[in-house]
Amino acid sequence: VVEVIEECTFGGDTALETVRLNGIKKICDAAFYNNTALVSIDLRTVLEVGYCAFENCTSLKELNLLEVVILDDGAFRNNQSVTKVVMPKVEVIGIEALSNLNVSTITLPNTVQEVRPMAFYNNKNQTSFTYQKETELVETYGINDYMMISNPVKKRSFQLSFVDLTA
């Protein structure tokens with residue numbers, strides 16, 4: 001049984017439009033890099049998305065990352081058609097993992113342990129982040145206040161570091 005899509009497997013395929021990955025647990029680095037015709041991906045069993053795995057897949061509209069726990073650096077970078085991101089179980093979001101998208105808000109679930117610097121960099125339509133703890137809304141922060149969330153000790157609390165990115 002195949003559970004891993006290896007590095008660069010479909011990288012640069014400009015004809016691929018739909019991907020269904022039943023049973024796949026991990027997508028390695030640049031596996032679908034620069035698949036500009038890719039419109040739909042089904043990642044229902046994927047737990048980890050590697051470095052730049054879907055970078056420059058400029059036709060993607062939504063990211064339904066229902067089981068994903070780890071989004072490595074640049075995982076979905078430069079996908080300007082993406083307007084919606086759903087990631088209810090994510091724990092780690094890498095550097096620029098969700099940068100250069102077309103989303104207005106990102107909701108981080110209570111499972112988040114680490115959001116690395118520039119994770120949401122240059123999302124020009126993004127106006128806020130929403131952090132959830134348990135079933136309650138904790139707080140919403142403006143895009144220009146955000147830099148990093150890290151949680152090295154307790155899974156259900158956050159240590160927030162802020163920087164004004166407009167300065």
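Student: Why is S99 called buried?
Tutor: Buried means under 20% relative accessible area, exposed over 50%, and partly exposed in between, with a 1.4 Å probe and protein chains only. S99 has a relative accessible area of 0%, so S99 is buried. This is a predicted model: local features need pLDDT of at least 70, side-chain atom pairs count only at pLDDT 80 or more, and totals for chains, interfaces and linings use all residues. Residues are numbered from 1 along each chain as its sequence is written, and side-chain values use heavy atoms, with hydrogens and water left out.

Student: Where does S99 lie, and what is S99 in contact with?
Tutor: S99 sits in the loop between β9 (92–93) and β10. Contact means heavy atoms within 4.5 Å. Leaving aside neighbours within four places in sequence, S99 touches F76, R77, N78, M118, A119, F120, Y121 and N123.

Student: What makes a stretch a strand, and how many strands does the chain have?
Tutor: Strands are DSSP runs of E with at least two residues; helices are runs of H or I with at least four; both are numbered from the N terminus. The chain comes to 15 strands and zero helices.

Student: Why is the F10 and F32 pair called stacked?
Tutor: Rings of Phe, Tyr and Trp (its six-membered ring) pair if their centres lie within 6.5 Å; planes under 30 degrees apart count as stacked, over 60 as edge-to-face and the rest as tilted. By this rule the count comes to three aromatic pairs. F10 and F32 are 5.0 Å centre to centre, with 15° between the planes, and form a stacked pair.

Student: What does the pair of F10 and F32 tie together?
Tutor: F10 lies in the loop between β1 (4–5) and β2 (18–20), and F32 in the loop between β3 (26–27) and β4 (40–42), so the pair ties together parts that are 22 residues apart in sequence.

Student: Is F10 buried, exposed or partly exposed, and which of these is F32?
Tutor: F10 has 32% relative accessibility, so F10 counts as partly exposed. F32 has 1%, so F32 counts as buried.

Student: What makes F32 and F54 a stacked pair?
Tutor: Their centres are 4.9 Å apart and their planes 5° apart, and the pair is stacked. The pair links distant parts of the chain, 22 residues apart: F32 in the loop between β3 and β4, F54 in the loop between β5 and β6 (62–64). F54 is buried, and so is F32. F10, F32, F54 and F76 form one aromatic cluster.

Student: Why does T111 count as buried?
Tutor: T111 has 16% relative accessibility, so T111 counts as buried. T111 is in the loop between β10 (105–108) and β11 (114–115). The T111 side chain reaches the backbone oxygen of V90 at 2.6 Å and that of K89 at 3.4 Å.

Student: How do you know that C8 is in no disulfide?
Tutor: A disulfide is a pair of cysteine sulfur atoms within 2.5 Å. The structure holds zero disulfides. For C8, the nearest cysteine sulfur is that of C28, 9.8 Å away.

Student: Which residues have pLDDT under 50?
Tutor: pLDDT is the predictor's confidence in each residue, from 0 to 100. pLDDT stays under 50 over residues 135–167. The chain averages 81, and 78% of the residues score at least 70. Where pLDDT is low, the predicted coordinates should not be read in detail.

Note on methods: A polar contact is a pair of N or O atoms within 3.5 Å; within protein, one must be able to donate a hydrogen and the other to accept it, and residues adjacent in sequence count only if both atoms are side-chain atoms.
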